[in-house]
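Biologist: I am new to this structure and would like to learn how to read it, one feature at a time. Could you take me through it slowly?

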Amino acid sequence: MGNELPSLFYSFHFYLFGLVALASAIVFVTRKSPVAAAMWLVVTMFALAALYVLLDAQFVGVMQVLVYAGAIMVVFLFVIMLLNLGHPSELADMRGKWARFAAAFLGLALLAEILALSRTTLDLRLRVSPVPPSATATGGIIGSVAGPLFREYLLAFELTSVLLIAAIVGAVVLARKKG
Amino acid sequence: MLAESLALSAALFAIGVVGVLTRKNAIIIFMSVELMLNAVNLSFVAFSKLYGATGQVFVIFVMTVAAAEAAVGLAIIIAIFRHKKTVNLENINLLRG
């Protein structure tokens, strides 16, 4: 893309998937049924995957579809259906009127704060020189991600395996039936 | 497209916060947390377009931690459901005086 203006095709799809993500996220927090909420969250995650591809992060987009939409959300749906949470007594789960007003106010305040921060201090404090596109393109789409992952962040990468083992053992122990 | 991505990320994060604050179903609160993680991932990817692929590496770490967190959290929810027969946070008030 470079510094020139993005093409109409690019902008159209960027805004399209952005609006899909935003709308499905709003629908997600307002659904009563957990299953419907989970399905709308899957829509949000697919739209975000499309945005990742548009932002030149194709590998992350694929991981988003496989790991988030494919694995994590399936586990959520599995638990919802295992616990049989669709019945009416569980559906009325919204908090009271005042709590909802407070939550909406807090959410709007947070949104305004983050937007204000991204407008002002970002250009001043994050003055890192942008990497030219040619430097990031070495090794292709996956190579540009794999390079730092297996060089600078090798220790963190190895530690995530310990984290995953701990999570697996913890999940098995926690969900096991007693006795 | 950086400004638009960051604005969308902020909006998704705020929606996730509202979801955590307004719902009482533990699983929906948990999914709202996942939405907040996704919003942060979007900022990482948007910055990685400008400052190199390190942001994408962090997104992969965030996804790994989110997967681990989902496994443990859902196991906790299942364990609570066995005891209380509900996942409504109104009824899970053992620490309330």
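Predicted model: local features only at pLDDT ≥ 70, side-chain atom pairs only at ≥ 80, totals over all residues.

Biologist: How should I read the size of an interface, and how much do chain B and chain A bury between them?

Modeller: The size of an interface is often given as the accessible area lost when the parts come together. Here chain B and chain A bury about 6,500 Å² between them, and 77% of that area is on carbon and sulfur atoms. In chain B, the residues that lose the most area to chain A are B:M1, B:R23 and B:M31, which together make up 10% of what that side buries. Counted by residues, 68 of chain B are in contact with 80 of chain A.

Biologist: What does the rule find across the interface of chain B and chain A in the way of polar contacts, and which helices of chain B supply its side?

Modeller: There are 6 residue pairs in polar contact across this interface, with both residues at pLDDT 80 or more. On the side of chain B that touches chain A, α1 (2–22), α2 (26–51) and α3 (54–84) of chain B each supply at least two residues, while the largest share, 24 residues, comes from α3(B). That side divides into 47 nonpolar, 13 polar and 8 charged residues.

Biologist: How many salt bridges are there over all chains, and why does the pair B:K49 and A:D56 join two chains?

Modeller: The count over all chains comes to 2 salt bridges. B:K49 lies in helix α2 of chain B, whereas A:D56 lies in the loop between α2 and α3 (58–82) of chain A, so this pair joins two chains. Their side chains meet at 3.0 Å, N to O, and across the interface of chain B and chain A the rule finds 1 salt bridge.

Methods:
Residues numbered from 1 in each chain as written. Chains lettered and ligands numbered in written order. Heavy atoms only, no water. Contact = heavy atoms within 4.5 Å. Buried area = accessible area lost by both parts, 1.4 Å probe. Salt bridge = Lys/Arg side-chain N within 4 Å of Asp/Glu carboxyl O. Polar contact = N/O pair within 3.5 Å; in protein donor to acceptor, adjacent residues only side chain to side chain. Helix = DSSP H or I, 4+ residues; strand = E, 2+ residues; numbered from the N terminus. Nonpolar A, V, L, I, M, F, W, Y, C, P; charged D, E, K, R; others polar.
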